[in-house]
Amino acid sequence: MRQRNIRLKEYIQDVLSIKWILVGVVFYFYGVLLKNEVVRDAYEMSISFNNWDITLRMLNDMYLIVFFIIPVVLFFSTKTILVDFDYQILIRLGSFKNWVYNSLKQFWKKGTPLLFVWIFMSLFMTIGFPYSWNWSQVSGIKHSATPLYELINFFTPLSAFLSQCVLLILTISLLHIMLAIVYVLTKSKHFLLSISGLVFLGGVLGFKLLPKKIAFLSPPTFFSLTAGVNTFGSPIVIYLVILGIGTLSILFLQILDLDKKTYINSIKSYIPIGCYIFLCTIGIIYSANSLKESSGTTILDVWVASFVGVNAESFSYIPFFYYAIVFFGFTYLVQLFLSTEVEMLGYYKIIRYRNLNKWFWNWMKKLLTVAALFFFILMGLSLIIAVLFGMKPDFHVTIFSNQLYEVLYHFFVNGFLQIMFYIIAVFIVSWVSKESIYGVLLISVFMVLLLPGINETGFIPVGLNSIVYLMDYSPYSLTLILILANGIALGIVNYLFKQSLKI
Amino acid sequence: MSIITLKNVSKTYKGLTLFSNVDLNIDKGKIYGIVGPNGSGKSVLFKMICGFVFPDEGNIFVEGTEIGKRKRFPDNFGIIIDRPGYIPNKTGFQNLKELALIKGKISDERISEAMEIVGLQPNAKQKVKNYSLGMKQKLAIAQAFMEDQQVLILDEPFNALDAGSVDRIRRLLLSFKDEGRTILITSHNQEDIRVLCDNVYRINDTQLEVVTNF
C-alpha cells in the first residue's frame, strides 16, 4: 500500500512537471485557434455550435496529430525502447516477448500524461461554449481539416469521443509494439531512429499528398477517427485494420524468441514453390488485365487467354514465356524432387520395394495426383482472378471458336498427359545421368522445340497442351500422340530398370 | 553434473569468426574463468549462454533445456554484461528496486542487504548520476546476486573497483561458490582468475582451450 502511494505520488509529480505543463500550453494555444475557427464558421453561417465541436476537433485535428502528437509519441517510444533494452532487465523478464510487453507498460507509464493532458485540454477548451449531448449544425459542415460530418452518420458525440480515445490507445500501443519488435530484430539504434523518422515523414507527406484510395498507407490515418472514416468509409474498418495488425504483431511475438535458423532452413525449401506460385498468379493477372478493356469477356476467356500457349504457326513471346513458366516450371520442381529421390535410392530402399517398377510407381502415382490437382488449381485461380477483375461470370468462351467441352477436355486430359510425359522424360535423364543439371538441359531443349517452325507437324510431344493447338488439331488426335509418347517413355523406363539390375 | 553445455557451437559476429565447433561443459558449484584478448569473444560467449544471441551452428543447453527452443533466457541467472543502464535520476536503492519489481520476489530489506554486502549505503540519497564508476560497478554486482541467482555470469566484475573492494568481492564470490552457486567470470587481471577459478579456459583461434597452469 505504501509502495503504491509512493508510485502514485511520483506519477502526479511527473504529470505536473514542467514538460507536461509546456505540452498543455501548446494544446491550449492550438485549442484557442480551433475555437476561434468554430465560432467564426458558426457566426458566418448563422448556425449552432457546441462543446463537441471543439473537443472532437482537438482530438482529431490532423495538423496537431502529424506535427505534434506523432513526434512526441515517437520520441517517448524510441527513448523507452533504448533505455529498457538492458541485459540486466532482459534476463529477469525471461524472453524478448515479455520485454516487448514490459516496454509497452513502461511506455504508457511515461506516455499517459500526454494522452491525459490532450484529453483534458480538449475538454477544458469547451469553457464558454454551449453544452449539449447532440451534434451541432457546425459539426455537419464540411470542414477542411477535421470533417466531423463524417462521424455524424455513425456516432453520437459522446460515443465518437470515447471511440477516438480507444483508437488512440490502440494505435499508439501498436506503433510502440512494432518499433520494439524492430529493435529486437535489428538491435540497431540507427535503424530504429530511421524507422521512426520514416513514420514521421510518412505522416507529413502522407496526409496531404496521398490520394484517398491509398491514404491507409499514411500513419496519421490511424490516429484520427475522422481521417479513418474518411479513408475507409466506415469506423469499423479502421478498428478491424488496427486489430488485424495488432493480432499479427501478437502472433509474431510468439515466435520472436525462437531460434529461427531451423525455421528459415525449412522455409528455404519452399522458396522455389513460392516463387513459382507467384509467377503463375502474375501471368493470369496479366491476361485478365489485358482483357479488361474488351467488352463481353467472360471469366473463362481469362482462363483460355492465360493458357493459350504457342505452336509452330501461332507464336508470340508472352504466351511462350508463360507456358514455359507454368509447365516447365512445374517440371523443374518435379526435377528437384526427382534428383533427391534418385540420389537417395539405395539398396535398402530397393529391398523394401522388391523391384524398381514398384518404387517408380510409388512416387509416380503421388506426382500424377499432384499434377491432376495442379490443373484444377490453375483453372480455379484463373476464375477467381477473372472475377476479381470484374469479368462476366458466364460459362462460355468468346475468344475461341471451339466448343467449351473440347477446350476443357484439351486443358485437363491433354494437359495431364503432357505433364506426365515431361515428368517421365526428366526422370529418364535423371536416372541415366544421376546429375540434376541434365534435367535442366532437357527442359531447355523442350523450350527450343516450342519455337516457331520447329514442330510444324505436331508430332513432337512438347507443348501440345497449348490451347492454341485446337485451332488446327482435334484434341483427340493430340491425345493419341501424347499417349504414344508416354508409352514409349515408359518403355524406356522399363528397359533402363532391367538394364540396371544386370550387374 | 553439467549445468551449462555447449555442443559444436560456432559463431561469427560482425564478420569475425569467434568460435568454431566449440564444446564446453560447466559444472554446478564451481567458478570458471574465461580469458582472452580484447575482441576474442568473451562477451559474445556470455551473451550466447544467456540466450541474447544465438550461435550460428550448434546448441546450448542450460539445465538440460535448449536455449531458443522452449525457453529464450535461462532462469535464475545473475549477470553483468555490458554496462547496466541505470536510471540516472534515481538512487542506487531505487534502481535495484526497479529491477527487483520485475520478478517481485524479494523485499526491500533484501535489496538493502545486497547493497551493504558490496559496500554501498542503501539509505543514501545520492543519485546514480553522481556515482563513481566503482560505485556503479558495485551496484551491478549487487543486482546480479540480490535475488539469490544460482548462476552468475560476470563480465569484468572487478572493473573500476579499489583494492579493498576487490578483496571484498573476491571473498563474496568464493562464499557463493561454497553455497553451491556456479560462476562464470572474465577478468583482465590474472590474479583475480588465479585466486577465484577452479577451471580456466582461454579463447584462442576460435577455440576454447583449457588452461592448466594459471
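This is a predicted model: local features need pLDDT of at least 70, side-chain atom pairs count only at pLDDT 80 or more; totals for chains, interfaces and linings use all residues.
Me: How many residues of helix 3 of chain A are buried?

Reply: Helix 3 (residues 51–60) of chain A is mostly covered, with ten of its ten residues buried. Among them are A:Trp52, A:Asp53, A:Ile54 and A:Arg57.

Me: Why does A:Gln106 count as buried?

Reply: Burial is a matter of counting neighbours: a residue is buried if 20 or more other C-beta atoms lie within 10 Å of its own. A:Gln106 has 20 C-beta neighbours inside 10 Å, so the residue counts as buried. You will find A:Gln106 in helix 6 of chain A.

Me: Which residues does A:Gln106 touch, leaving aside those up to four places away in sequence?

Reply: A:Gln106 touches A:Thr80 and A:Asp84. Look at the pair A:Gln106 and A:Thr80: they are 26 residues apart in sequence, yet their C-alpha atoms are 6.9 Å apart in space.

Me: Back in chain A, how do I read the angle between two helices?

Reply: The general idea is that an angle under 35 degrees counts as roughly parallel, and one over 145 as roughly antiparallel. Here, the axes of helix 8 (residues 157–186) and helix 11 (residues 235–255) of chain A come within 10 Å and cross at roughly 30 degrees. That makes helix 8 of chain A roughly parallel to helix 11 of chain A. The crossing of these two helices of chain A is left-handed.

Me: Which residues of helix 8 and helix 11 of chain A meet?

Reply: From helix 8 of chain A, the residues include A:Leu170, A:Leu174 and A:Ile177, and from helix 11 of chain A they include A:Ile242, A:Ile245 and A:Phe252. By class, the residues of the contact between helix 8 and helix 11 of chain A divide into nine nonpolar, four polar and no charged. For reading such a list, remember that an α-helix has 3.6 residues a turn, so residues three or four places apart point the same way.

Me: Are helix 4 and helix 9 of chain A roughly parallel or roughly antiparallel?

Reply: The axes of helix 4 (residues 62–84) and helix 9 (residues 189–209) of chain A come within 10 Å and cross at roughly 170 degrees. The two helices of chain A are therefore roughly antiparallel to each other. A:Val66, A:Ile70 and A:Leu74 are among the residues of helix 4 of chain A that meet helix 9 of chain A, whose residues include A:Leu192, A:Val199 and A:Phe207. This contact of helix 4 with helix 9 of chain A has 13 nonpolar, three polar and one charged residues.

Me: Now the strands. What is the strand order of the open sheet in chain B?

Reply: In general, strands of a sheet pair through backbone hydrogen bonds, either parallel or antiparallel. In chain B, six strands form an open sheet in the order 6-7-8-3-9-10, and the pairing is mixed. The edges are strand 6 and strand 10 (207–211) of chain B, each pairing on one side only. From one strand to the next, the twist averages 20 degrees.

Me: How many bridges join strand 3 of chain B to strand 9 of chain B?

Reply: Four bridges join strand 3 (residues 31–35) to strand 9 (residues 199–204) of chain B, and the two run parallel. To place the pair on screen, find B:Val35, which stands opposite B:Arg202 in strand 9 of chain B.

Me: Which strands does helix 5 of chain B lie across?

Reply: Helix 5 (residues 163–178) of chain B lies across strand 3, strand 7 and strand 8 (182–186) of chain B, running at about 145 degrees to strand 8 of chain B.

Terms used: Residues are numbered from 1 along each chain as its sequence is written. Chains are lettered from A and ligands numbered from 1 in the order in which they are written. Two strands pair if DSSP finds at least two bridges between them. Axes are lines fitted to C-alpha atoms, for helices over the stretch in contact, and angles run from 0 to 180 degrees between N-to-C directions. Two residues are in contact if their C-beta atoms, placed from the backbone, lie within 7 Å. Angles under 35 degrees count as roughly parallel, over 145 as roughly antiparallel, 65 to 115 as roughly perpendicular and the rest as oblique. A crossing is left-handed if the near helix is turned anticlockwise from the far one by less than a right angle, and right-handed if clockwise. Ala, Val, Leu, Ile, Met, Phe, Trp, Tyr, Cys and Pro count as nonpolar, Asp, Glu, Lys and Arg as charged, and the others, Gly among them, as polar. A residue is buried if 20 or more other C-beta atoms lie within 10 Å of its own, exposed if 12 or fewer, and partly exposed in between; C-beta atoms are placed from the backbone.
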